[in-house]
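Hi,

Here is the structure I promised to pass on. Please have a look, then read the notes below it.

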Amino acid sequence: MGVNYDILESEFDKKLSSAYQLSILIRMDSLVYFVSDANSGLALRLRTIPFISRPGQDFSLINELEAIFSREELFGYLFRRVRITLPSGPSVVVPTRLYNESEKETYLRELTSSTDSNGIVYDDELADSNVQLVYFLDADLVKALKKQFPTARIFNPATPFMLGARRVIEDGSEHSFFVHISKEHVHLALFEKKNLIFYNSFPISSAGDVLYFTLLTLDQFTLDPVKIPVFLSGEISEDGEIFKMLSRYLGQLKFMSEPPFLKFGRRFKEVQPYFFFDLYSLTLCN
């Protein structure tokens, strides 16, 4: 969003870090971290750290991360849990009833046409959704993260997004549609009641791309864009072109509110809760 946040609640105590969860969202241009109390869900710390260089021929994500790790004191604390997501890459959703652990690389390589020779195949189980998300992670990047955070678990960004979306669905809702936007991708998740029936992510370069993939998905399931509740999150603002375009076609468009699985104090009021919905939802990842 072009805004850097540095929020510290008075309840934060580095001596109690072993009771906290550290959640890290790694983007192509920045790192954002969030600290919460693992027991109470109280939000304690949020900070965005832009990368010094920009993606290009000489850009190294590993070098940027290692530089941040060396200068950010908080990353030397001992945390109860560390959860990390990396920039979006090829992924495949497989129903649990059809999933075979020994075939996960085959799912990914055949369905995404990926040729990532340095990729490690990972899978995330989405609790209560009966699906597995299979995806590649760069081996060298994983090694660098594990060096800094040996006990960390690394997830595809779609995993916390879908887990968080399912948690905010109200009882009795027939269909709920979630649209999460990053700088380069739109993530779409459709639920029937609380059952996930569709997920995909698409590369975007304009507001028109977001509108196209949103309406295409609704049309695929013959859902009326005027009637279905659509929840927005991510790098989007009410005065931006994406929201203005979507609001012309979607009748029940709303921004994601504060997630019910966390507690936010006064200082967090300066950041819109939907900006970091995926980061906050990392607290749901086991």
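Strands S2 (residues 20–26) and S3 (residues 30–37) run antiparallel, joined by seven bridges. In this pair, Tyr 20 sits opposite Asp 37 of S3. Keep in mind that the model is predicted.

Both strands belong to an open sheet of six strands. The order is S1-S4-S3-S2-S5-S9, and the pairing is mixed. At the edges are S1 (6–8) and S9 (153–155), each pairing on one side only. From one strand to the next, the twist averages 15°. Helix H1 (residues 61–71) packs on this sheet. H1 touches S2, S3 and S4 (43–50), and its direction makes about 45° with that of S3.

Now the other sheet. It is open, with five strands in the order S12-S11-S10-S13-S14. Pairing is mixed here too. The edge strands are S12 (195–203) and S14 (252–255), and each has pairing on one side only. The twist averages 20° from one strand to the next.

Within this sheet, S10 (residues 175–181) pairs with S11 (residues 185–192) in the antiparallel sense, over seven bridges. Phe 178 stands opposite Ala 189 in S11.

Which helices lie across S10, S11 and S12? One is H4 (residues 158–168), which also lies across S13 (229–234). H4 runs at about 35° to S11. Another is H5 (residues 207–220), running at about 160° to S10.

Best wishes

Note on methods
Residues numbered from 1 in each chain as written. Predicted model: local features only at pLDDT ≥ 70, side-chain atom pairs only at ≥ 80, totals over all residues. Heavy atoms only, no water. Pairing = 2+ DSSP bridges. Helix = DSSP H or I, 4+ residues; strand = E, 2+ residues; numbered from the N terminus. Axes fitted to C-alpha atoms, helices over the stretch in contact; angles between N-to-C directions. Contact = heavy atoms within 4.5 Å.
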